[in-house]
Amino acid sequence: MDPYGNGHVDYRAQPRPDGFFADARPKSPSDLVEYDFDTSPVLKVPGDWNTQRPELLYYEGPLWYRRRFEMAPEPGRRYVLHFEAANYAAKVAVNGVVVGTHEGGFTPFSFDVTSRLRSGANTVVVLVDNTRRREAVPTVMTDWWNYGGLTRPVRLLDLPETFVRDYHVQLARGSKRTVAGWVRLDGPRPAQEVVIRIPEARVEQRVRTGADGRVEFRFDAALQPWSPDAPKLYDIEIAAETDRVADRIGFRTIEVRGTDILLNGTPVFLRGVCAHEEAPLRGGRAWSLEDARTQLGWVKELGGNFVRLAHYPHNETIVREADRLGVLVWAEIPVYWTIDWSDPRPLASARQQLAEMIGRDRNRSSVVLWSVANETPISEPRNAFLRTLIGDARALDPTRLLTAALQARGEGDTHVIDDPIGEQLDVMGNNEYVGWYDGTPEKCDRVSFRSPWNKPLIMSEFGADALAGYRGPAEQRFTEDHQELLYRKQIAMLKRIPFLRGTAPWILMDFRSPRRPLPVIQEGWNRKGLISERGVRKRAFDVLREFYGELLAAPATQR
Ligand code: GCU
């Protein structure tokens with residue numbers, strides 16, 4: 001812990017030349033060194049620091065990690081230090097030399113450290129700072145815990161000098177047979193023959209990258225489409241002369257036609273739920289395959305085919321598990337609430353995080369929606385900010401649908417979704433709390449929704465707090481009975497919306513939030529979960545499962 005940043009600024013708040021990045025030790029008894037990684041507390045990586053030591057639960061500030069390792073770098077190889085995430089800002093040094101920095105708590109980043117490694121003992125020192133900042137994305141106000149640290153795995157990648165840097169392989173928009181994509185090599189031999197193989201589909205396509213290392217390709221193939229009912233994944237191999245990459249990809253198309261969402265050309269209703277990246281049972285940031293299997297297992301238990309991974313890019317493991325299990329994904333960057341729209345720094349950060357999210361998950365068939373914002377107050381600077389992000393997303397990935405969680409405005413009991421950004425989106429998301437923040441559950445009987453945009457609507461949030469096990473009269477807030485009544489009333493209201501094509505109630509599981517202090521009931525947890533953080537299902541869980549069961553039993557066209 002380094003709450004005053006003493007490891008990189010001195011008592012005059014001037015930058016230290018090396019500070020803790022040097023991982024120094026006294027050379028003699030008279031040497032003054034006021035830190036020592038060897039005798040400092042040990043933290044597990046991956047893992048947020050907040051849940052690893054009591055004094056770190058609320059800690060917001062700089063914290064230092066040091067990892068030593070032995071290795072023998074070989075000529076002709078490239079070594080890349082890869083972080084799946086660090087929340088919020090990271091600065092990395094190898095053998096005392098800073099190799100780079102990154103901002104954004106939920107997307108991967110990496111540094112080529114080939115020239116910094118040496119034979120024998122090597123040292124990596126990482127400064128992670130989760131201080132909330134006005135100019136950051138998210139900004140200082142969020143309704144989730146500010147879990148800090150190296151929250152996902154860190155790896156040293158041993159790569160060929162020229163390696164496969166990136167690729168995209170997916171059905172061309174609206175096609176069921178034509179695969180379109182590209183490959184990009186990185187290194188001193190960019191021009192190479194590349195073979196794309198899909199053995200099970202008897203595909204072997206030979207292409208050649210240009211001097212820029214890139215090549216685009218298109219070819220026909222007979223492929224079984226990926227869908228929640230049949231999540232077919234194909235082994236793909238991309239073999240260049242100096243490197244080869246294997247992946248597992250599902251082939252599907254996702255489009256909008258009027259108010260319908262079409263998956264592989266067929267209208268689909270997204271039976272979903274929202275989820276934070278909160279580890280079931282143990283708490284803290286989720287990151288593991290076990291966490292992902294628990295969370296997605298609950299989605300399937302609800303009869304769901306969809307999950308809104310709120311409010312930031314979740315770990316790659318849960319997205320790959322959604323591919324495997326057949327769960328459609330709404331992915332989102334944390335452009336949340338009161339971003340400073342007129343400051344260029346959050347815009348730059350939001351654009352960077354969007355590009356990193358798309359770059360990581362562009363080959364994940366489960367991801368069908370990119371969301372650029374959540375509950376952002378309407379203003380011209382905000383509209384311009386979001387239009388920039390929408391433009392970026394369309395350029396980076398023309399194959400997926402764009403959305404955002406908007407907020408309807410009330411005209412009496414009619415809720416109107418006419419946020420100007422809605423016109424640029426493919427699918428409207430809308431968060432509403434009729435019956436919780438907006439009146440009592442009976443109000444749902446009177447409320448209707450309309451929109452001037454002829455587009456599909458996903459109700460991307462609704463719900464109520466309930467403490468698991470707290471029973472009482474249905475009008476008593478925070479009881480399971482009240483939450484159950486609210487779900488029954490909400491579902492009846494939602495069924496009356498003709499352009500509704502998906503539901504994602506808030507939220508799968510209770511999650512930590514510094515904004516929820518109510519003693520006995522909340523105690524630092526937002527209790528809108530259908531399941532408690534201990535895995536206890538509340539009564540509303542069965543109400544939602546009943547609703548999704550009805551949809552499943554309905555004729556396919558109305559699902
Ligand atoms: C908002 C917000 C959520 C928040 C929820 C709540 O809609 O999007 O992040 O947790 O409401 O108040 O519980």
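Buried means under 20% relative accessible area, exposed means over 50%, and partly exposed lies in between (1.4 Å probe, protein chains only). Helices (H or I, at least four residues) and strands (E, at least two) are DSSP runs, numbered from the N terminus. This is a predicted model, in which local features need pLDDT of at least 70, side-chain atom pairs count only at pLDDT 80 or more, and totals for chains, interfaces and linings use all residues. Residues are numbered from 1 along each chain as its sequence is written, and side-chain values use heavy atoms, with hydrogens and water left out.

- Strand β8 covers residues 163-171, and eight of its nine residues are buried, so the rest of the structure largely encloses it.
- Two strands pair if DSSP finds at least two bridges between them.
- Strand β9 (residues 178-186) runs antiparallel to β8, and eight bridges join the two.
- Y167 stands opposite V183 in β9.
- The hairpin of β8 and β9 has six residues between the strands. Within this hairpin, G174 takes a positive phi near 80°.

**Cysteines**

- A disulfide is a pair of cysteine sulfur atoms within 2.5 Å. By this rule the count is zero.
- C274 has 0% relative accessibility, so it counts as buried.
- C444 also has 0% relative accessibility, and therefore it counts as buried.

**Cavities**

- A cavity is found on a 1 Å grid over the protein atoms alone: it is a set of points where a 1.4 Å probe fits but cannot get out. Lining residues have an atom within 4 Å of a point.
- Grid points are joined across faces, edges and corners, and a volume is the space filled by probe spheres set on the points.
- The structure holds four cavities of 30 Å³ or more.
- The largest cavity has a volume of about 120 Å³. Its lining has 16 residues, of which N87, Y88, R132, P138 and N146 lie nearest its centre.
- For the classes, Ala, Val, Leu, Ile, Met, Phe, Trp, Tyr, Cys and Pro count as nonpolar, Asp, Glu, Lys and Arg as charged, and the others, Gly among them, as polar.
- The lining of the largest cavity has seven nonpolar, six polar and three charged residues.
- The second largest cavity holds about 60 Å³ of space. Among the residues that line this cavity are H276, W298, M509 and F511.
- The lining of the second largest cavity divides into seven nonpolar, two polar and two charged residues.

**Salt bridges**

- Side chains of opposite charge can pair when their charged atoms come close.
- A salt bridge is a side-chain nitrogen of Lys or Arg within 4 Å of a carboxyl oxygen of Asp or Glu. The structure holds 62 of them.
- D23 is buried, at 6% relative accessibility.
- R308 forms a salt bridge with E461, with the closest N and O atoms 2.9 Å apart. R308 lies in strand β19 (residues 306-309) and E461 in strand β27 (residues 457-461), so the pair ties together parts 153 residues apart in sequence. Both R308 and E461 are buried.
- R409 and D418 form a salt bridge, with the closest N and O atoms 2.7 Å apart. R409 is partly exposed at 38%, and D418 is partly exposed at 25%.
- Salt bridges that share partners join E193, R197, E204, R206, E237 and R244 into one network.

**Backbone exceptions**

- Most residues other than glycine have a negative phi, and most peptide bonds are trans.
- The peptide bond from N87 to Y88 is cis, with omega near 20°. Y88 is in the loop between β2 (77-83) and β3 (89-94).
- A310 and H311 are joined by a cis peptide bond, with omega about -20°. H311 is in the loop between β19 and α2 (316-325).
- N264 is not a glycine, yet its phi is positive, near 55°. N264 is buried, at 12% relative accessibility.
- V520 is not a glycine either, and it has a positive phi of about 70°. V520 is exposed, at 61% relative accessibility.

Note on methods. On a 1 Å grid over the protein atoms alone, a cavity is a set of points where a 1.4 Å probe fits but cannot get out, and a pocket is an open set with protein on both sides within 12 Å along at least five of seven lines; lining residues have an atom within 4 Å of a point.
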